[in-house]
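Here are my notes on the model, point by point. Please read them with the structure open.

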There are 2 protein chains.
Amino acid sequence: MSQVIAEISISLDGFAAGPNQGEKAPLGEGGERLHQWIVPTDSWRSLHGMDGGEKGPDNDVAAEFGRGVGAYIMGRNMFSPGRGEWDESWRGWWGEDPPYHVPVFVLTHHARESVPMEGGTTFHFVTDGIESALEQARAAAGDQDVQILGGASAMQQYLAAGLTDELRLHIAPVILGAGERLLENVGDLKLEPIDVVASPAATHVKYRVG
Amino acid sequence: MSQVIAEISISLDGFAAGPNQGEKAPLGEGGERLHQWIVPTDSWRSLHGMDGGEKGPDNDVAAEFGRGVGAYIMGRNMFSPGRGEWDESWRGWWGEDPPYHVPVFVLTHHARESVPMEGGTTFHFVTDGIESALEQARAAAGDQDVQILGGASAMQQYLAAGLTDELRLHIAPVILGAGERLLENVGDLKLEPIDVVASPAATHVKYRVG
């Protein structure tokens, strides 16, 4: 059955991004350290047209990205450094062929026409709330999964609303000290660890939610 | 070589205790949920004079408690619900035979005579700071390890001062939402996961520090 999966990298002190996010620091100050586990992997490099990456447990985890996923959801702040009305020249951080290859629903307060990209990714902009975005993502995904990509605020809303079946955390051995916390304003989630993969670069834990 | 090991259970949102700690709630509201992984284990039950506990990965982790440890350090607030001057009738939470069986150094601002208990535990009260307490604990431990037990504030001080060789976290699949955060005011620790044990009740991660 189709699942709703929230997946994100966090620091050991619980931040999904560092402070002062902006165009020059999409993940905030130090936020790129959250993804040090994935950048050297073979899967990640392949996805970005490079070879010669590392194998091993982090690569196995990275290789799962996108598998069985029929649609993604992300917050406005993950899609764009801008706030308020759209600068329509902005087409995401990921170039003309983003690594999604299926519809991506972007939560926003500002309407915008859908943006088709190369490789199967289309960005759709949803202004009527998280439940509507999930409904549209489910319809697009069919019997495949819907994955919530972040950022912290979007994920919190889905967790707090009880709309998430699984939470996948990549816990980086990093202390950011400040930034966007992931697990606040989520209520008292019922969580059960169902799978853990360990490496020196991160601890990857899948939790069943609810 | 003798190591300094900080070991504690935390919630997935990073709290080492819930809010409103006091005599009736030593770990704060909901704080007992942090230890649900250990309470049913055979090792824990044996330590408290009961049999019939559970085996498995959590029990393996619980069985390590105290192994190779020659002295412990804890904060005043872990030893006692009282603050300020000592109520000398208070001899800890653990009855007449505490589960330590070696010297325990308690950080405090208020001097007190050492309190010998049954079974080898003696509580010593250290008023001249964390470095002095560590020096005394090292001397007592000889070539065995020194373990820092908590609470959050004591552990933060040792981590921030670069005096910890290993951090052992038992990450409970629980959201407390409020309480005493462990990993704040610790600076930018250099951490490497060196061992992970997974169970449905907790994710046990050992980090090398520094």
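1. Start at a loop. G151(A) sits in the loop between β7 and α5 of chain A. A cis peptide bond joins G150(A) to G151(A), with omega at about 0°. Helices (H or I, at least four residues) and strands (E, at least two) are DSSP runs, numbered from the N terminus.

2. Ground rules. This is a predicted model: local features need pLDDT of at least 70, side-chain atom pairs count only at pLDDT 80 or more, and totals for chains, interfaces and linings use all residues. Residues are numbered from 1 along each chain as its sequence is written, chains are lettered from A and ligands numbered from 1 in the order in which they are written, and side-chain values use heavy atoms, with hydrogens and water left out.

3. G151(B) lies in the loop between β7 (145-150) and α5 (152-160) of chain B.

4. One more backbone point. H101(B) has a positive phi, near 65°, and is not a glycine. Its place is the loop between α3 (76-79) and β4 (103-107) of chain B.

5. The sheet of chain A. Nine strands form an open, mixed sheet in the order β5-β6-β4-β3-β7-β1-β8-β11-β10. Two strands pair if DSSP finds at least two bridges between them. Strands β1 (residues 4-11) and β8 (residues 166-172) of chain A run parallel over seven bridges. Within that pairing, I10(A) has I171(A) as its bridge partner.

6. Helix α4 (residues 130-141) of chain A lies across β1, β3 (69-75), β4 (103-107), β6 (122-126) and β7 (145-150), at about 160° to β3(A). Helix α5 (residues 152-160) of chain A lies across β1, β3, β4, β7 and β8, at about 135° to β7(A). Axes are lines fitted to C-alpha atoms, for helices over the stretch in contact, and angles run from 0 to 180 degrees between N-to-C directions. Contact means heavy atoms within 4.5 Å.

7. The sheet of chain B. Here nine strands form an open sheet of mixed pairing, in the order β5-β6-β4-β3-β7-β1-β8-β11-β10. β5 (115-116) and β10 of chain B each have a single partner strand, so one side of each is left without a neighbour in the sheet. Strand β1 (residues 4-11) of chain B runs parallel to β7(B), joined by three bridges. V4(B) stands opposite V146(B) in β7(B).

8. The interface. Chain B gives 24 residues to the contact and chain A gives 24. The buried area is about 2,000 Å², with carbon and sulfur atoms giving 63%. Buried area is the accessible area (1.4 Å probe) that two parts lose on being put together, summed over both.

9. Charges across the interface. Two salt bridges are counted between chain B and chain A. A salt bridge is a side-chain nitrogen of Lys or Arg within 4 Å of a carboxyl oxygen of Asp or Glu. One of them joins the side chains of D188(B) and R33(A), at 3.2 Å, N to O. On the side of chain B that touches chain A, the elements giving two or more residues are β8 (166-172), β10 (191-198) and β11 (203-209). β10(B) gives the most, with five residues.
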